[in-house]
Amino acid sequence: MDSPSLSSDLPMMSSNKSQITDCPEVVIPIQIFLVIGFVSLSENILVVVAVIHNKNLHSPMYCFICSLAAFNTISSLSKTWENIMLVFRDSGHLNSRGASELRIDNVMDTLLCMSFVGSIFSFLAIAADRYITIFYALRYHTLMTMQRTAAILTTIWVLCSVSGALMIRFFEAAAVKIFFVVVFFTALLFILLLYVHMFLMARYHASRIEAMPSSAGHNRRSGLKGALTLTILLGVFVVCWAPLSLHLLIIMICPENPYCECYRSLFQVHVVLLMSHAVVDPAIYAYRSAELRNTFRKMFLCSTRAQNFIRDTCECNITNVLQRA
């Protein structure tokens, strides 16, 4: 919609050019956005339900993963709804400059900014959790209690909600764009430094695992496995969100440069990458976590049994009615 937001058709963010360039805008069919949105929405809701359903997954790390999946769900929901609105706009059923449409668009973009900031802070929380698991294995359950986890998650969600609303409200201000980019690269730098420290010390601590009590050794092994999972998740996050962050940086640094305009012409591709992040993450969870895979399997089995029960009941009732007739 036509508001100062992150929508794909905004004059501020899209590649509507004020000067001539040799790079035509790359247009992605809206059906692709809708398919990605629905798939990612379904996957992340499944992750959230699985973590809530299985008590074995009620640990700090999975709570943070559940929070990350919830932010991905919000991102998928906002972009899917926004693309549905674009379909109605193109068919003439919505006025892109209408007051109510602009308000809805601002809400959707606020949710998108909220999910971006929330994903970053969720990664930071998971990284800190893995750090404590690896280097403070004996004190882990004392340091990372569920009460502290709940307090961290509450802080993250409140902070992200406020920052998302402020980012959309004052998006035309250069300071907001700078904040958006700085938060992204600062968080990546912090996590990178944390990981360099963790993996430099990993070999040293790996040699001591066998000499430690079995519970502490198990915690440290699971911590290293969790750290590897986070590394994969972080790599996917960088690939999917970095192009959009660079897009914002280019808007601030060289808004009139024709070479920069060529990069901006790929905006819709950047949005596809952004939405794909929410599709890939649940697959990584399932691949890296046996407990989560088992939970998914049980949920599907229960769903299949329920469908079979309903079908058999309906067939039995129909048969009884026909026999009486």
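**Close-up 1. A nonpolar patch on the surface of the predicted model.** Here we look at five side chains: Leu 189, Leu 192, Leu 193, Val 196 and Leu 200. Together they form a nonpolar surface patch with about 510 Å² of accessible area. Leu 200, one of the patch residues, sits in helix H6, which covers residues 174-206. The relative accessible area of Leu 200 is 63%, so this residue counts as exposed, the cut-off being over 50%.

**Close-up 2. Leu 249 and Lys 177, apart in sequence and brought into one view.** Along the chain, 72 residues separate Leu 249 from Lys 177. In space, their C-alpha atoms are 7.6 Å apart. Leu 249 belongs to helix H7, made up of residues 214-253. Is Leu 249 buried, exposed or partly exposed? Its relative accessible area is 26%, which makes Leu 249 partly exposed, because that value falls between the 20% and 50% limits.

Close-up 3. How many disulfides does a search of the whole structure find? The search gives 0. As a reminder, a disulfide is a covalent bond that joins the sulfur atoms of two cysteines.

**Close-up 4. A stacked aromatic pair, Phe 71 and Trp 157.** The model holds 2 aromatic pairs. In the pair shown here, the ring centres of Phe 71 and Trp 157 are 4.0 Å apart and the ring planes meet at 15 degrees, so the two rings are stacked. Phe 71 is buried, at 0% relative accessibility, whereas Trp 157 is partly exposed, with a relative accessible area of 25%.

**Close-up 5. A tilted aromatic pair, Tyr 131 and Tyr 136.** The rings of Tyr 131 and Tyr 136 have centres 6.4 Å apart. Their planes are at 50 degrees, so this pair is described as tilted: the angle lies between the 30 degree limit for stacked rings and the 60 degree limit for edge-to-face rings. Tyr 136 is partly exposed, with 36% relative accessibility.

Technical notes:
Residues numbered from 1 in each chain as written. Predicted model: local features only at pLDDT ≥ 70, side-chain atom pairs only at ≥ 80, totals over all residues. Heavy atoms only, no water. Patch = residues over 30% accessible without salt bridge, like charges linked within 9 Å, V, L, I, M, F, W, Y side chains within 5 Å. Areas by Shrake-Rupley, 256 points an atom, 1.4 Å probe, with all protein chains shown as cover. Salt bridge = Lys/Arg side-chain N within 4 Å of Asp/Glu carboxyl O. Helix = DSSP H or I, 4+ residues; strand = E, 2+ residues; numbered from the N terminus. Buried < 20%, exposed > 50% of the residue type's maximum accessible area, 1.4 Å probe, protein only. Disulfide = S-S within 2.5 Å. Phe/Tyr/Trp six-rings, centres within 6.5 Å; stacked < 30°, edge-to-face > 60°.
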